[in-house]
Amino acid sequence: MTDNIITLKRLSKKYKGFTAVDHLNLDIRKGEIFGLLGSNGAGKSTTILMMLGMTEPTEGTAEVCGLDPTRQPVEVKQQTGYLPEDVGFYDDRTGLENLMYTARLNSIPDRVAKERALELLDRVGLSKATDQKTGTYSRGMRQRLGLADVLIKAPKVVVLDEPTSGIDPQGVKAFLELIVRLRDEEGLTVLFSSHNLNQVEQVCDRVGIFVKGRLMATGDIKSLSQQIFGNAGQSLDAIYNHFFEGESDHE
């Protein structure tokens, strides 16, 4: 038996001679927060799209929740939730109305949907904004609503692609704490894609470091430090810079 909920084998994606993802092998365990860490253009988003069945790999295979995203994209989407960097809502509808709309798209009965939507709005700290039109929401509020929107269908895996971009520091802190709490309370598996080292270090159990389409290393920070430097005391920043040779687009 394996506790891996995602398995990628030699997963590759090429575009007219450009290799976006190059023979990626990766296992992600059920119930962990896994950080996809790399600079912009490193291949993180392309990997996510292949895992979700939103683009087909050129080579290799992916398995998500026991499903093949290429052959079973609808089933994979039923088991996963995806929060992109810029989440869209109907600005003239309230937070509750937007969640109810998503629930109907997922064939959730209205009575069940409303109960779960109100519970989620409370959990993400938006209970006081339930009847407020989302066009008036701040960036941080929209991202928290986006997380509730992702969770309305009770997925097993949640994928967050640069979810804290543009949020103020206090909002980032609250969002990261929420992710950890949801993982701990609901057993979610979370993929956290980011180029922000500090945030990845705060919440992720393990990280995968992407460089120009290749996965260079995976593990927790202590094991990566031991592997690279011979001691377990190095920071994620030092580990990152070992592979990226001083690239400076991280925060």
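This report covers a strand hairpin, a cavity and a pocket in a predicted model.

Strand E1 spans residues 4-15, and strand E2 spans residues 18-29. The two pair in the antiparallel sense, over 8 bridges. Tyr 15 has Phe 18 in E2 as its bridge partner.

E1 and E2 form a hairpin with 2 residues between them. In the turn, Lys 16 has a positive phi of about 50°.

## The cavity

Rolling a probe the size of a water molecule over the atoms shows where empty space is left. The structure holds 1 cavity of 30 Å³ or more. The volume of the largest cavity is about 50 Å³.

Its lining consists of Leu 147, Leu 151, Val 158, Leu 160, Ile 179, Leu 182, Leu 188 and Val 190. By class, that lining has 8 nonpolar residues, with no polar and no charged ones. Three elements each supply at least two lining residues: helix H5 (139-151), strand E6 (157-161) and helix H6 (169-186).

## The largest pocket

The largest pocket has a volume of about 480 Å³. It is lined by 22 residues, and Tyr 82, Thr 102, Asn 106, Asp 149 and Lys 153 are the closest to its centre.

The pocket lining divides into 11 nonpolar, 8 polar and 3 charged residues. Helix H2 (73-79), strand E5 (80-83), helix H3 (95-105) and H5 each supply at least two of the lining residues.

Definitions and conventions: Residues numbered from 1 in each chain as written. Predicted model: local features only at pLDDT ≥ 70, side-chain atom pairs only at ≥ 80, totals over all residues. Heavy atoms only, no water. Pairing = 2+ DSSP bridges. Helix = DSSP H or I, 4+ residues; strand = E, 2+ residues; numbered from the N terminus. 1 Å grid on protein atoms, 1.4 Å probe; cavity = no way out; pocket = protein on both sides within 12 Å on 5 of 7 lines; lining within 4 Å. Points joined across faces, edges and corners; volume = space filled by probe spheres on them. Nonpolar A, V, L, I, M, F, W, Y, C, P; charged D, E, K, R; others polar.
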